[in-house]
Amino acid sequence: SSDVCSSDLMIKKQKENEMIKNIVKAICCILVISSMVMSQQGKYVRKSVSSLESVWFKPGSVGGLQFDSKTFDKFIDFYVEVDRFDYNVLPSNLLQDFRREANSMDEVTPEALSEVLENTVTSKIVEILNDPDVMQQRGEALKDESAFQSFAATKAKSLGLTVDELKMLMNSAYIYLPFISSATKESEEPDELSVTLEGGIIWWQMEMDDEGNTSVEQVLSATTKGIGSADPTEKKILTEASAWPKDFRFGNEKWKTTPVQYAQNSAMLAFCKNLGVKTKKIDDFKLTAQITEADGKKYGFPLGHREGVHLDDGFNIVEYEEDSEGNEVAVRKGFVRVSKTGNNVEDPNDYTYAKQLLGSKVSEGTVVMEHPVLGMDARVKFGYVAAGMNITREHSRLPNFSFMGAAAGQYVFAEGDGEPEFTEDGDTLSPGGATSAAGMNMHLAYNVAPIINVSQTFLDIDIGVYFPLVKIDLDAQALPLIISANFGATKKFQNGRSNVSVGLYGGMDMFSLNGSIKQTYGDDITYSYSVSALGFGATVDYEMMFTPDISINFGAGYRLGLAPSSASITVGEGEPYDLTEYADFDDRYGDMKLGGLRLNFGVNYALSELPVDVFGFLDPFKKH
């Protein structure tokens, strides 16, 4: 009977061992395919992410700058280490070899940096995780935490780790490293300066096969750039008071800076914001959910503030299909935009709602997948000033100063163009002048909807360049331009894939002549002549969406151009000469109008990357 009992015990133990192995294999399989399965089910699973360092840069590569690591960490925390992830920092003893080899590289590139990291950090991680004892305990830890703690106390010490560090490695799914390959400072006389950061981010995924063996695969290697500038001599247009802010602001925070640090902080913000979007574009990191409510083309799904969803965020409607190799891939079938964000921090059942803009209507159970962008649009509008402008030939006449040479006082606009005048015998004469112009405006529009809780509302800045449609005196050797800079706001009223927008704006218009005056003896005299005036206006546009990122618009607007308030001329390398106190300033420029009725058409593009910081200080205020 004892032999029978012994045999039964052996059989029982074999069954238990087999069961444990099956459990470990099952857990491993779950970890391997969880992202794919959960995507199919439309449920986003939080990822465990480990960082090597907040940022790595080769000593001496930052161009003599005193690198502001504290501010860079702040921006990385905000833009990259977002709420959807659980974050850890890798043990420092795993990084020693990486730092030594990376610091000795001749040239910093994503490829070279990846190779160093894979030969140092990731190879050590794989070695640790493929230790037979660790492989077994990764499964055991899910069954018995106390048993794991007992194991880790011994094993971690032999591996040169703490218990928490070993547990972190066993639970990590992704590793990332932001890096800076170069940082340069450039100065322009007298005091304007700029800082340019170049670098990127590399992401690796830790994968397990069905036997529990770990490997590390690179899933993203992306580069970007950030450019910041500062000019402590800058003056406000109207008051001539200093426009240098001295403080750098980010949400409710502000801190004193030098001009160099201000430019560096601005470059860092743009740099880290770009890295955040690139990270969210990794397929495994995109938020996904199943539609649980459908009312026409309005859908509800279980995502919200907890995952960092905001008003006007975009989501693709996707279906999963097999590619040529038999892999399941998400195929976009439509696009929705968030119209109300669910506060699932306080109420897990408070859904986010979105309206469909592209594609056919779908039903409950369909999956939506995040479409990450910066929250900024770039618009290019080609326009024509049809009426209301008035730049006469007299306005194009250069000031008749003796130091400008024999040709001073000449007209840039030729006779025979512009509005005609009639002589006594009925013949027409044209004094020369411009009543129309053609050109373009370049806009950057920041979506403030998540801040003010009003969908599709934008703060706009734009620069316009227009060419007066007038005959030019070729002997004048000059290029006439109308340059405008504006600040305003736009509200779009959406109806399916199209919208009507209304915008209000104000700014400064400048009529500019840049050319040279021929001299009988000696070199030609170069000059820059400008007349400036305030302008205010409104626009109405119709826009049609073709893709989630691209829309085409056309519309009209009227700009009320006030009488010029200033004029100046710069000759050669000299200082600008103020013409505002000219005795006949009002008489000469009083009838000049740089505004008018404008017709335009253009393209709107939702940005995923921008090398400069525009309205970035507002990002922390996003709450809706």
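## The second largest cavity

In this predicted model, the second largest cavity has a volume of about 60 Å³. Its lining is made up of Leu269, Ala270, Lys273, Asn274, Leu374, Met376, Leu610, Val612, Asp613 and Val614, and by class these residues divide into 7 nonpolar, 1 polar and 2 charged.

Helix H9, which spans residues 259-280, gives the most to this lining, with 4 residues.

## The largest cavity

A search of the whole structure finds 2 cavities of 30 Å³ or more, and the largest of them has a volume of about 370 Å³. The largest cavity is lined by 28 residues, and those that lie nearest its centre are Lys381, His443, Tyr505, Thr539 and Asp541. Sorted by class, the lining of the largest cavity holds 12 polar, 9 charged and 7 nonpolar residues.

Several strands contribute at least two residues each to the lining of the largest cavity, namely E16 (376-387), E21 (437-447), E22 (457-468), E23 (478-495), E24 (498-517), E25 (525-545), E26 (550-561) and E29 (596-606). Of the elements that line the largest cavity, E23 gives the most, with 6 residues.

## Packing of helices H2 and H9

On the H2 side the contact involves Thr71, Phe72, Phe75, Ile76 and Tyr79, which meet Asn265, Met268, Leu269, Phe271, Cys272, Lys273, Leu275 and Gly276 in H9. By class, this contact of H2 with H9 has 9 nonpolar, 3 polar and 1 charged residues. Leu269 and Lys273 of H9, which take part in the contact with H2, are also among the residues that line the second largest cavity.

## Packing of helices H3 and H4

Helix H3 (residues 96-103) and helix H4 (residues 110-119) pack at an angle of about 150 degrees, with 9 Å between their axes. Since angles over 145 degrees count as roughly antiparallel, H3 is roughly antiparallel to H4; H3 passes H4 in a right-handed crossing.

The contact is formed by Phe98, Glu101 and Ala102 of H3 together with Leu113, Val116 and Leu117 of H4. In terms of class, the contact of H3 with H4 has 5 nonpolar residues, no polar residues and 1 charged residue.

Definitions and conventions: Residues are numbered from 1 along each chain as its sequence is written. This is a predicted model: local features need pLDDT of at least 70, side-chain atom pairs count only at pLDDT 80 or more; totals for chains, interfaces and linings use all residues. Side-chain values use heavy atoms; hydrogens and water are left out. On a 1 Å grid over the protein atoms alone, a cavity is a set of points where a 1.4 Å probe fits but cannot get out, and a pocket is an open set with protein on both sides within 12 Å along at least five of seven lines; lining residues have an atom within 4 Å of a point. Grid points are joined across faces, edges and corners, and a volume is the space filled by probe spheres set on the points. Ala, Val, Leu, Ile, Met, Phe, Trp, Tyr, Cys and Pro count as nonpolar, Asp, Glu, Lys and Arg as charged, and the others, Gly among them, as polar. Axes are lines fitted to C-alpha atoms, for helices over the stretch in contact, and angles run from 0 to 180 degrees between N-to-C directions. Angles under 35 degrees count as roughly parallel, over 145 as roughly antiparallel, 65 to 115 as roughly perpendicular and the rest as oblique. A crossing is left-handed if the near helix is turned anticlockwise from the far one by less than a right angle, and right-handed if clockwise. Contact means heavy atoms within 4.5 Å.
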